[in-house]
Amino acid sequence: MDVDIGNALATVASPGISREALERLDEDVARAHERIEAGRDDAEHGYAALNLPNRTDPDEIYRAVDRPEIADADALVTVGIGGSALGAATIADALSGTEADDDTRTVFLDNVDPEWITSRLESLPLENTAVNVVSRSGTTAETLANFLVVREAFEDAGVDWTERTIATTGEAGPLRELSDRHGLPALQVPDGVPGRFSALSPVGLVAAAVCGHDLEALLAGASAEAETLAGSLFECPAYAYGATTDALAARGASVNAMMPYAESLETYAEWFAQLWAESLGKDELGQTPVRALGATDQHSQLQLYRAGPRNTLVSFVTPRDRDDRAIPTTDVDDLAYLGDASLGELLRAEFEATEASLAAAGRPNVRIELERVDAFELGGLLYGMEAACVLAGELAGVNAFDQPAVEWAKKATRGLLGGTDAAGNRLEEADAVAEKTTLRVDR
């Protein structure tokens, strides 16, 4: 990926960062890079994620899905939540419709809304559907609840779920025990890699493999991006993005609107939102990520970003090349100009106009460009954003790899359902629910 931070400079935008401040910041980037490289060398928790391009074995994944009931399935259901689903969904959605795609339908059960789950299951040909259940611990409440529901649906339909299920999990736990008991293909969630950083591991690549996508190209793109990591933001696109976002956050850009100009990257914006929020939202720091889509959200969100509070950085992602389609000519005079253009040219013009509109209003924005949306470029984009996030965490002085607020809510949920701690005691986090302040306004 290539990054252009020109529209985030103080000469263009407010908040913005001066070239002199970038030069000073580059000294901090050099120190942060040394820390990141040391963490990678020692495969420390979190930093180990940046080693995945060379650590992930695509052949192991291909072997796990090489069972007719899985490889030839018409649909694949991934049961997971957060990082156990968003990376896989991002890759599957981005590459859907490409030449390698075998038209396998992908469904991601990443919520426990009962009506939504029921509608998804009722729409599937269960007799020709495969399942990938993903949980490192094998105890994630939402994932295991949904898996039990899916398993029951298979049994009710008279389908042997054990022939159609893969488990992607840790070395121990209920899912590992289940896979051993039933002889399920099982893949290892990599050690030292938080879920939101696991897209380039079996966690994110099983769906891609079942759909016939090129895992080697995804990993090669990520490896190529890894080669760009250097001790200067002026030499490394990922660090340029991470350092700029951190600098703008410190100057008041508390919102980061991720706005890809490619329909296939809409789920990527969701993946980015988790990566940015869960990694950097600590110690009353961090940017609030917003998911947007060009050109759709020019007509729903752009008004705010151009004329609302000066608290937003807009991050554009756009491919330079894409398959195109001509716009038919028309005899309507006011629309005649469209007949000389294509949909791709129109979308590019919309992007450039939006970018220029923000710059003209002095609103910071960054351009991230890919050659096109394919496996190689997507691997580079995912890796680059992960590296940018790790750098931003280093610069802000926060641990990008933990999520204590999430763990609190997990304990409260478990307690409300009757769960206890390891000693069998009631979880005190659940008591806080009963302490909610209320001010009801009824009909």
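This is a predicted model: local features need pLDDT of at least 70, side-chain atom pairs count only at pLDDT 80 or more; totals for chains, interfaces and linings use all residues.
Start with helix 5, residues 86-95. Nine of its ten residues are buried, so the rest of the structure largely encloses this helix. The buried ones are L86, G87, A88, A89, T90, I91, A92, A94 and L95. What do they pack against? Their partners are strand 3 (105-109), helix 9 (202-210), helix 10 (215-226), helix 12 and helix 15. After helix 5 comes G97, and its phi is positive, near 90°.

Two of those partners, helix 12 and helix 15, also meet each other. Helix 12 spans residues 266-280, and helix 15 spans residues 375-396. Their axes come within 10 Å and cross at roughly 20°. Angles under 35 degrees count as roughly parallel, so helix 12 and helix 15 are roughly parallel to each other. The crossing is right-handed. Helix 12 brings Y268, W271, F272, L275, W276, S279 and L280 to the contact. Helix 15 brings L381, L382, M385, E386, A388, C389, A392 and G393. By class, the contact between the two helices has twelve nonpolar, two polar and one charged residues.

Now move to R367, in strand 10 (residues 365-370). Is R367 buried or exposed? Its relative accessibility is 15%. Buried means under 20%, so R367 counts as buried. The R367 side chain makes a polar contact with the side chain of E369, at 3.3 Å. Leaving aside residues up to four places away in sequence, R367 touches D2, V3, D4, F316, T318, R348, F351 and E355.

Note on methods. Residues are numbered from 1 along each chain as its sequence is written. Side-chain values use heavy atoms; hydrogens and water are left out. Helices (H or I, at least four residues) and strands (E, at least two) are DSSP runs, numbered from the N terminus. Buried means under 20% relative accessible area, exposed over 50%, partly exposed in between (1.4 Å probe, protein chains only). A polar contact is a pair of N or O atoms within 3.5 Å; within protein, one must be able to donate a hydrogen and the other to accept it, and residues adjacent in sequence count only if both atoms are side-chain atoms. Contact means heavy atoms within 4.5 Å. Axes are lines fitted to C-alpha atoms, for helices over the stretch in contact, and angles run from 0 to 180 degrees between N-to-C directions. Angles under 35 degrees count as roughly parallel, over 145 as roughly antiparallel, 65 to 115 as roughly perpendicular and the rest as oblique. A crossing is left-handed if the near helix is turned anticlockwise from the far one by less than a right angle, and right-handed if clockwise. Ala, Val, Leu, Ile, Met, Phe, Trp, Tyr, Cys and Pro count as nonpolar, Asp, Glu, Lys and Arg as charged, and the others, Gly among them, as polar.
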